[in-house]
Amino acid sequence: MYSVINTATIYGIDSKMISVEADISEGMPIFEMVGYLSSEVKEAKERVRSAMKNAGYALPIKRITVNLSPASIRKTGAGFDLPIAVAILSAIGIIECERLASICICGEIGLDGKIQPINGVLSMAIEAKRNGLEIIMVPKQNLVEAKLVSDLVCIGVENVSEVIEILNSGDFQTNGELLAEPCVSELHYQYDFEMINGQQALRRACEVSISGMHNMLMVGPPGAGKSMIAKCIPSILPPMDSDEQLELSKIYSVCGMFDERQGLIKARPFRSPHHTVSPQGLVGGGQNPHPGEISLAHRGVLFLDELTEFNKSTLEILRQPLEDKKVHISRAAGSFTYPADFVMVAAMNPCSCGYYPDLNRCHCTRQSIQRYLSRISQPLLDRIDICVEAPTLNYSQIVSKNKNESSKDIRDRVMACHKMQRDRYLNYDFKFNSQIPSSLIDKFCKLDEEKSIYMSAMYEKYSLTARTYHKVLRVARTIADLDSSEEIGFDHLNEALCYRGLDKRYWEAGV
Ligand SMILES: [Zn+2]
């Protein structure tokens, strides 16, 4: 008596199909499970035994062998309980279903036979469909998530008895309430640039940063409004297209952070991890690897407030994903690649008291300022395209009643700029100015002779390196795009150089 059931397991942010085979034979009564199992999967034995007993079906007093294949993939998570139970019930003849081969079954079981929700159902449903399966059976709480995948019959189940009833009836139809129409209304933002008085340079820097997806660092005294400005950034992020929405939703689903009532995630993420975050929490990992904050910020913004308070080694790990736009994690369970294409926006004080270079207020010694700034390494600094100062506001700016430009107006310009880049890079594998490879800089950031001479002087003046010179050109490209200019002009170059000058001022010069 043998049966086989299809199920799926999470692998990175995608999913892989797994076959659960059950064989019942005469011999010593023993329940054995094999197939490169983690401890949670081995524990399934006890949950399945109790759940079946409580649903009124005792395990036969025979030799039961369950195998999860392929053996090369390590099986983790509790989602194998239900397919294991169904495989056994089918092997002993309680479930008789002709279409088992076209069904994917996933779910955790409690001792009472109730089926518990699991993570990653969205990826599993996508994988089931890709493998030509027609039906997916998932815990009721995950039903809406599975239904996001079209052309797949999705059945939500609450307990083992219901599973047996549905499978034996042979009547497979998507159950549960109809999926509400996705909400297409304008996204609502808590913070808007309209609320920000003054800080013109910062506002402009944010616009340039998001327009070309450039990493940005704000330096300024406490209370200048750096965090407030950062909170406004979500309101100028352009909406995601449907592929981006699906990709991000998969990441949140795998992390168990997917709110299925909202449907696919529509707003670009804005993640703001605390400075005590562990390296694992930031970039992902763990014994059973899971995505970190940088992947949760995929296609959006990762905001690091109080940058100097982060553990230095934690920050250094960011260097590789900032270049590659993804992160590789190798563990015993396998090696995984998580997407991590985010804009890093960071904020910091210029010294430990916060007031340098205002020497009336700052009494830090040269050494202490140097020590403070050295918490941010040069290689990390080199990966930041835009450095901008956040000055303290004066009284008239704080109480000013002048109307500020709203986020919507800024967002419209950002969207137009994104569209220009999409059209320009249609045939390339990158999307934004910040991602132009060095080999294509000459093609897309062309300078005429006069400007080349100017830039060679600036190269010396700002002691640029090949990397930082290219960054200046990429930022200048974005500024030209915001100006709807195909040609990069002196104004554009000067503004881009301005964003480069600040790190020199603090990190090398005055201090
Ligand atoms: Zn100071």
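Is Gln262 buried or exposed, and what is its relative accessible area? Gln262 is exposed, with a relative accessible area of 53%; here buried means under 20% relative accessible area, exposed over 50%, and partly exposed in between, with a 1.4 Å probe and protein chains only. The legends below describe a predicted model, in which local features need pLDDT of at least 70, side-chain atom pairs count only at pLDDT 80 or more, and totals for chains, interfaces and linings use all residues. Residues are numbered from 1 along each chain as its sequence is written, and side-chain values use heavy atoms, with hydrogens and water left out.

**View 1. The loop that holds Gln262.** Gln262 is placed in the loop between α9 (242-254) and β11 (270-271). Helices (H or I, at least four residues) and strands (E, at least two) are DSSP runs, numbered from the N terminus. In sequence, 117 residues separate Gln262 from Glu145, while their C-alpha atoms are 9.7 Å apart in space.

View 2. The protein chain is divided into domain 1 (2-169) and domain 2 (193-424), with bounds that come from an automatic or database domain assignment. Between the C-alpha centres of domain 1 and domain 2 the distance is 41 Å. The contact, meaning heavy atoms within 4.5 Å, takes 21 residues from domain 1 and 21 residues from domain 2. About 1600 Å² is buried between domain 1 and domain 2, and carbon and sulfur atoms give 63% of this area. Buried area is the accessible area (1.4 Å probe) that two parts lose on being put together, summed over both.

View 3. One salt bridge is found across the interface of domain 1 and domain 2; the term denotes a side-chain nitrogen of Lys or Arg within 4 Å of a carboxyl oxygen of Asp or Glu. A salt bridge joins the side chains of Asp14 and Lys250, at 2.8 Å from N to O. Four residue pairs, both residues at pLDDT 80 or more, are in polar contact between domain 1 and domain 2. A polar contact is a pair of N or O atoms within 3.5 Å; within protein, one must be able to donate a hydrogen and the other to accept it, and residues adjacent in sequence count only if both atoms are side-chain atoms. On the side of domain 1 that touches domain 2, the elements giving two or more residues are β1 (2-11), α4 (121-130) and α5 (143-147). The most comes from α4, with four residues. By class, this side of domain 1 has 10 nonpolar, seven polar and four charged residues. Ala, Val, Leu, Ile, Met, Phe, Trp, Tyr, Cys and Pro count as nonpolar, Asp, Glu, Lys and Arg as charged, and the others, Gly among them, as polar.

**View 4. The surroundings of Thr478.** Thr478 lies in helix α20 (residues 466-482). Thr478 counts as buried because its relative accessibility is 0%. Its side chain makes a polar contact of 2.6 Å with the side chain of His214, and another polar contact, of 3.0 Å, with the side chain of Asn433. Leaving aside residues up to four places away in sequence, Thr478 touches Val208, Ser211, Gly212, His214, Cys417 and Asn433.

**View 5. Helix α6 and its packing.** In helix α6 (residues 160-169), the buried residues are Val160, Glu162, Val163, Ile164, Ile166 and Leu167. These buried residues pack against α3 (81-91), β5 (103-105), β6 (108-109), β7 (115-116), β8 (135-139) and β9 (153-157). At the start of α6, a side-chain oxygen of Asn159 comes to within 3.3 Å of the backbone nitrogen of Ser161. Gly170 follows α6 and has a positive phi, near 75°.

**View 6. Two cis peptide bonds.** From Ser69 to Pro70 the peptide bond is cis, with omega near 5°. Pro70 is in the loop between β4 (63-69) and α3. The peptide bond from Tyr356 to Pro357 is cis, with omega near 5°, and Pro357 is in the loop between β17 (343-348) and α14 (366-373).

View 7. Lys325, a residue other than glycine, has a positive phi near 65°. Lys325 is found in the loop between α13 (319-324) and β15 (326-331), and is partly exposed, with a relative accessible area of 23%. For Ser484, also a residue other than glycine, phi is positive and near 55°. Ser484 is placed in the loop between α20 and α21 (490-509), and is exposed, with a relative accessible area of 59%.
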